[in-house]
Amino acid sequence: VCPAFASTRTGPIRVLLVDDQPLFQDALARAVRQDGAMELVGQAGDTRELVAMIDRAQPDVVLVDAGLLDDRAVRTARSARLLVLSGEVDAAEAYAAIESGAAGYLSKDADGARICRAVAAAARGETVLDPSVQTGLAQEIRLRVRDPRPVLTQREREILVLMADGRTAPEIAGELQLSPATVRTHVFHLYEKLGVAERAAAVAAAMRKGLVE
Amino acid sequence: VRARPARVADAPGTRRAVAPIRVLAAGRQPLLREAVARAVRQRASFQLVAEISDGRAALDAIERTCPDVAVLELRLAGLDGARVLNAVMRDGLATRVLLLAEASDADEAYAAIAAGASGWLSKRADEHELCAAIATVARGHVALAPDVQTAIASEIRRRAMRREPLLDERERSVLALVAQGRSAPAIARELGMSAGSVKSSLIRLYQRLGVSDRAAAVAVAMRRGLID
């Protein structure tokens, strides 16, 4: 985010539209023109001349159809804030757009007022994510994060919880109705997974890793 | 991981008495907690099941009463909200967690979402936004406050600079063999791993792919082009 950019801007927000659907582009242009805080500084049906257009029109925010978006377009738009509009909201597409630096991702189902609010937020340096894409985006985030913690079996979990309560191995065997030898085996596996050699260290490691409270 | 029981889908035309959304509110700040509780009580479609000040007690209450949504202040005494979330997800509880945090905590939102939080609200949210977020989360969707969207986007961009493949070599091999219909022991033999680590790696993959079984894992991975 770029607060300096937001604070140095005076006057209306300069908006450039890039969309290959004439009807949508017209409607969007009307919405921008009707908003007193914005000025429409250009319109295009494709991104071929995007660099030249941005140089010429000096927009603060570029509204661009997701279908016209490629890495090159995002890179060249760097001096402006790029707000992506998508007819078919797709979480992977939204994630990729944000990843490459877009200031927001909105559904084309949004009405003019909502799009104008998003333009204003983007001009302030904020990021705007369509509500319909938030669930998918969360899933994209989960897909990208590796959990380094060991996976415990149900039994190992039960034994760990009892260990954290201060029970001894024979007590645990009694409570879970297992043989002491079986408990020893599970405990051995627990130590191995936690990288420790002893029960107090096992409990400490498990707590630090969030495997037990 | 136990799959969470889906809340009844909003199928049009089905005649069914809609059960209220059961909500637990936990917060360290008494005024905030009371405000959340009051907002929940005032809605006929919500039912307040508990109002709690401490994280450990909140986790106990979640385990006991299994609310649809737990609204947790991030900074809880005892066990903080992130640790309660961790326990809820680890133990496969059906409760969905909506975190309530200071604007300045926004940089922790990415990790919370990655850990399975269903939503993140700023304490600047008003009653209307709070209730809308509770309803969204109860439907199985994710609700992110506007100020946190920017923080999450920043983290996405930061991570883009050290972009790693979605699946590492080992994960891709395991999944490719699953797609061929091999069992975990067969995969273990083929890759020279223990059956336990094949199972662990499958559990992790299911979590990350957001699925609960092997067929769905293969479907998601193929659609995303992670395996061919």
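How many salt bridges are there over all chains? The count comes to 27. Keep in mind while you click around that this is a predicted model.

**Stop one: a charged pair in chain A.** Select Asp19(A) and Lys108(A): their side chains form a salt bridge, with N to O at 2.7 Å. Now show the secondary structure. Asp19(A) sits in the loop between strand S1 (13–18) and helix H2 (22–34) of chain A, while Lys108(A) is in the loop between strand S5 (104–107) and helix H6 (112–123) of chain A, so this pair ties together parts 89 residues apart in sequence. Buried or exposed, what does Asp19(A) count as? Buried, since its relative accessibility is 2%, under the 20% cut-off. Lys108(A) also counts as buried, at 11%.

**Stop two: a pair within one helix.** Go to helix H8 (residues 154–164) of chain A and pick Glu158(A) and Arg155(A), which are three residues apart there, about one helical turn. Their side chains meet in a salt bridge of 2.7 Å, N to O. Color by accessibility and you'll find Glu158(A) partly exposed at 27%, and Arg155(A) partly exposed at 31%.

**Stop three: over to chain B.** Select Arg172(B) and Glu169(B), another salt bridge, whose closest N and O atoms are 3.0 Å apart. Both residues belong to helix H7 (residues 169–179) of chain B, with three residues' separation, or about one turn. Arg172(B) has a relative accessible area of 29% and is partly exposed, whereas Glu169(B), at 55%, counts as exposed.

**Stop four: a network.** Show Arg157(A), Glu213(A), Arg90(B) and Asp91(B) together: salt bridges link these residues in a network.

Leaving out residues up to four places away in sequence, Ile152(B) touches Ala109(B), Tyr110(B), Ile113(B) and Leu144(B), plus Ile141(A) from chain A.

Note on methods
Residues numbered from 1 in each chain as written. Chains lettered and ligands numbered in written order. Predicted model: local features only at pLDDT ≥ 70, side-chain atom pairs only at ≥ 80, totals over all residues. Heavy atoms only, no water. Contact = heavy atoms within 4.5 Å. Salt bridge = Lys/Arg side-chain N within 4 Å of Asp/Glu carboxyl O. Helix = DSSP H or I, 4+ residues; strand = E, 2+ residues; numbered from the N terminus. Buried < 20%, exposed > 50% of the residue type's maximum accessible area, 1.4 Å probe, protein only.
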